[in-house]
Amino acid sequence: MTEQSWAAEAGLGRAELADGPAVVLFRPGATAAHIATVDGLAFTDLPALLEAAEGQSGRIQPGKPVALNEDALLSPVGRPRKIICVGQNYPAHSRETGRASAPSYPDLFPKWDNALAGPYADLALPPESDKVDYESELAVVIGRRCRRVAAEDVADVVFGYTIANDGSVRDYQLHTPGRTAGKAWDGLTPLGPVVVPAERLGGVHPDLRVTGLLNGETVQDDRTSSMVYGVTELITYLTTFLTLEPGDLILTGTPAGVGAVRQPPRYLTDGDEFQVHVEGIGALCNRYHAEKRP
């Protein structure tokens, strides 16, 4: 992979190699990759790489080539300091859940890194619930430490975008108003397969098609330009009250079509496969199996 092909085609992923996890440059579907380097150094996780690169994609260079089996792919960000999720951010989704209008402010809730999973991993359906749902989403990856970011400066702090499935355990989600018990479940939020620099995807105003397919059937389909709160609005609002760090994730919300509001509801069951496609990035593809009680 040349410097030119990285800049034009490849994304940043993370893979379990023979000597441990590493951030790599690759194209989804390829059988080879290159170690991602900054100033000749390799990294085991994306936050450290982005900090070293000061959030600049041009400082990330291909290192030594490595063979890559897609089964070895991990979440491209392993240990972000923050995962901030946005609810009710597509008008059609707000309507299907019974809201008459969009939230007056971004509807926020947290996850932690325990929830993350690889882009092609098999995911376990917990025995405690039969109401596990899917949510196809665009995820923002922060490139630089920032606070109180003005709208005109948001492009300086966004590194890129990746794909997420905001796995939601709906009955646990309703235990409290904050949703935490249903949103932070171990290993139910796959991420990846790659992080693509924002400048290749419309900058801070992406207009990307987001689709979710359940066993090959399209159940979600919208564009990120439909979001109530776009990338700029989310980052200016969030950085009013907190500092964002390199590698932090913002899951920007899901389109209409989630399983919980279907008639009858359609929750994930043993053997189901769910894919999330985002234009310009690629796709997640995860199969679900019933986890046995310990």
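How many helices and strands does the protein have? Colour the model by secondary structure and count. This is a predicted model. The protein has six helices and 20 strands.

**Stop 1: the whole chain.** Zoom out. Along its principal axes, the C-alpha trace spans about 55 × 45 × 30 Å.

**Stop 2: contacts along the chain.** Colour from one end to the other. Take the contacts with a separation of 6 or more: 75% of them join residues 24 or more positions apart.

**Stop 3: the surface.** The protein exposes about 12300 Å². Carbon and sulfur atoms supply 49% of that area. What share of the 294 residues counts as buried? The share is 54%.

**Stop 4: the charges.** Select Lys and Arg, then Asp and Glu. There are 26 positive and 38 negative side chains. The centres of the two sets lie 3 Å apart.

**Stop 5: helix α6.** Select residues 231-241, which form α6. Show the side chains of V231, T232, L234, I235, L238 and T239; these are buried. Why do they sit on the same side of α6? Look down the axis: they cover an arc of only 160 degrees around it, which puts them on that one side.

- β7 (83-87)
- β8 (107-111)
- β12 (136-142)
- β13 (158-165)
- β18 (249-251)

The buried residues of α6 pack against these strands.

Terms used. Residues numbered from 1 in each chain as written. Predicted model: local features only at pLDDT ≥ 70, side-chain atom pairs only at ≥ 80, totals over all residues. Heavy atoms only, no water. Buried < 20%, exposed > 50% of the residue type's maximum accessible area, 1.4 Å probe, protein only. Helix = DSSP H or I, 4+ residues; strand = E, 2+ residues; numbered from the N terminus. Arc of directions from axis to C-beta. Contact = heavy atoms within 4.5 Å. Areas by Shrake-Rupley, 256 points an atom, 1.4 Å probe, with all protein chains shown as cover. Charge placed at Lys NZ, Arg CZ, Asp CG, Glu CD.
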